Every structure is written in structure tokens, then in C-alpha cells.
Amino acid sequence: MGSPSFAAPIANVTAAVGREAILTCLVGGLGIFKVAWLRVDTQTILTIQNHVITKNHRIGVTHSEHKTWFLHIREVKASDKGWYMCQINTDPMKSQVGFLDVVVPPDILDYATSSDIVVREGANVILQCVAKGFPKPAIAWKRETGDLITLADGNTVAIAAGSLLNLTRVSRKHMGAYLCIASNGVPPSVSKRIMLITNFPPMVWIKNQLVGAYEGQQITLECHTEAFPKSINYWTNDNGDIITHNNVKYDSYMKSFSYSTHMQLNIDNVAQPDYGNYKCVAKNSLGETDGTIQVFSKYSNVLLRNAIINANFKNNMNLMVC
């Protein structure tokens, strides 16, 4: 009777955590001898022939015609990484080993990673993201909106690499969600959303500070404000009274987006008492500001222009008579 031998070396196997790993041992001429699988580092006997010896329920063994012997490791754990031996009980014993490498998909560590942050405009901010996994995950940052990231050196990038993201003298333009993305080639990649909120007192911009109107005309006053926390916005008239929304004479409209608000005040059927100063007011917990728009009468300008035209006409007529 011939002595059994290995037909090929055991191929090294790489498996992801949670998956199944299968190591293969090819044996020729086994005859009456038996094949066993062992864990090398602990010298633990896992299987002998068709029987599982270890109490580890994740271990299994199968074969094909007593020539190809498979060691199954289900629901692979990181601790399963190491060398495994296929052994034939000849005298002397014959054996060969194969290595199981276990890769671990990335996992972001919440306790070591920045959470949502609120700062005053002009402050410096460092966002941190820490992930575990094998191989070691790489960290990348991007803005949820797709806007560029302004780095501490002034450069702008779509994606910033590294565990730390340094933002210098943050402004309202830095405000928004930042995504920390961890990847190591083992799917799936993971991400965490970190919200950066920048607080600042209200600011007001007015495009037209002087608005002329004829009596009976309808006009629109416009004002643009920025503030965070979001401001309370309203209009006041020349007497300092707040203009309410349910006023028949006035119709106010506001459209807000993020930290900005566009204010409109429609004045219907302008009359003499409607001329004067109007203020758009914005206030939040950090301050208050306002902008003034003056509404003036175009009627006097029309009279003056007509008087000049009439005077010129009379002068021309007198010259013609002469």
C-alpha cells in the first residue's frame, strides 16, 4: 500500500468578518489513514476525518471522495485569523499549513469622533473622525452639499484626507453638514454626518434705499437679512409701529433659506400718508439691526417737469410771434 501525500499546498484565504472561510487540503492515496484539521497557534484539534472535535459550533468539515478536504469556518471573527494545519496520521505524521487572513470593514467610533458643533463666527474648529477596521481605514471629508472645503491654508478642495479637518476663522459659508467617510477596501464604506453651525448677529442689505411712487401706485420694498440663530424679521412704518400681516394696506412676504431671509413689503394704492421711512428689522439672541427705505412722492417732480416744459413752450411761442 502506498503512502498518502499532499497533492497541492493549502492556498491562503482572506475572508471578511461575518462571512464564511473555507480552507482546502488536497490529499492523494489516503487509504486507511485519516485527515485532521488543527489550529496551529493554540494546537487545538478542530476535526478528525468527518467528525468535528472542537466545541466551536462555527467549525465544519466536508470532503470530496476523501481527496479534497474542506475546513469551514462560519461567521468569521477577527480572532479566527492565523495558521491552520491539515494533518495526515501517518508515521511519521505529514502536515501542511495555510493562513487565514481576516479583514474587517470600517466602523466609525462615535466616542472618539466629533459630534454636531455650534461656534461663533470667526472661531477656529477642528473636526475629528476615528475609525477601526483591518486594514486600517482611510478617512476622507466632504460637504454634504458638494460645496468645496476651505482648508486652514486657504486652499479649497472637494475632498479632504486625514482624521482631522482644520477649519480656520469659520464663517457662515462654512456652515452645513460635513461627512466623515471611512474606507479600507472592505465593503461597505461607512460615514458619519457632522453638522457645523455658525452663530452670528443679524446683518441687513438694502438694494434700493430710495423708492419713488405716485399716488395710487402699488410699490414693493425689499430687504435682505442674514442671521443665525434664525432672526425674527418685521417691518415698521414712519411712526415706529410694526406693520402687521393682516393689514389691508400692506402685504408682507418673507422667504427664508438657511441663514438668509428675503423680505418684501407691498404697499397698495399709495397715498400721501404712506410717504416716509420704512424699516426692516432683524433680531436674534446675538443682536439686532435694521435698514431704512425712504418712500418719496414723484408728484412734485412731475409738476416741476411740466412747469419747465410749459415755460419753454411759451418762450418758443413768443419768439415765433416776434
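Colleague: What makes tyrosine 250 count as buried?

Modeller: This is a predicted model, and in it tyrosine 250 has a relative accessibility of 11%. Buried means under 20%, so tyrosine 250 counts as buried.

Colleague: Why is tyrosine 278 called buried?

Modeller: The reasoning runs the same way: its value is 3%, and the limit is under 20%, so tyrosine 278 is buried.

Colleague: How many aromatic pairs does the structure hold?

Modeller: There are 3 aromatic pairs. One of them joins phenylalanine 200 and tyrosine 259.

Colleague: Why is that pair of phenylalanine 200 and tyrosine 259 called edge-to-face?

Modeller: The ring centres are 5.7 Å apart, with 80° between the planes.

Colleague: How do you know whether phenylalanine 200 is buried or exposed?

Modeller: Its relative accessible area is 0%; since buried means under 20%, phenylalanine 200 is buried. Tyrosine 259, at 19%, is buried too.

Colleague: What lies over the face of phenylalanine 200?

Modeller: Arginine 172 does, at 3.7 Å from the ring centre.

Colleague: And which ring has the charged end of lysine 81 over it?

Modeller: That is the ring of phenylalanine 134, with the charged end 4.2 Å from its centre.

Terms used. Residues numbered from 1 in each chain as written. Predicted model: local features only at pLDDT ≥ 70, side-chain atom pairs only at ≥ 80, totals over all residues. Heavy atoms only, no water. Phe/Tyr/Trp six-rings, centres within 6.5 Å; stacked < 30°, edge-to-face > 60°. Buried < 20%, exposed > 50% of the residue type's maximum accessible area, 1.4 Å probe, protein only. Lys NZ or Arg CZ within 6 Å of the ring centre and 35° of its normal.
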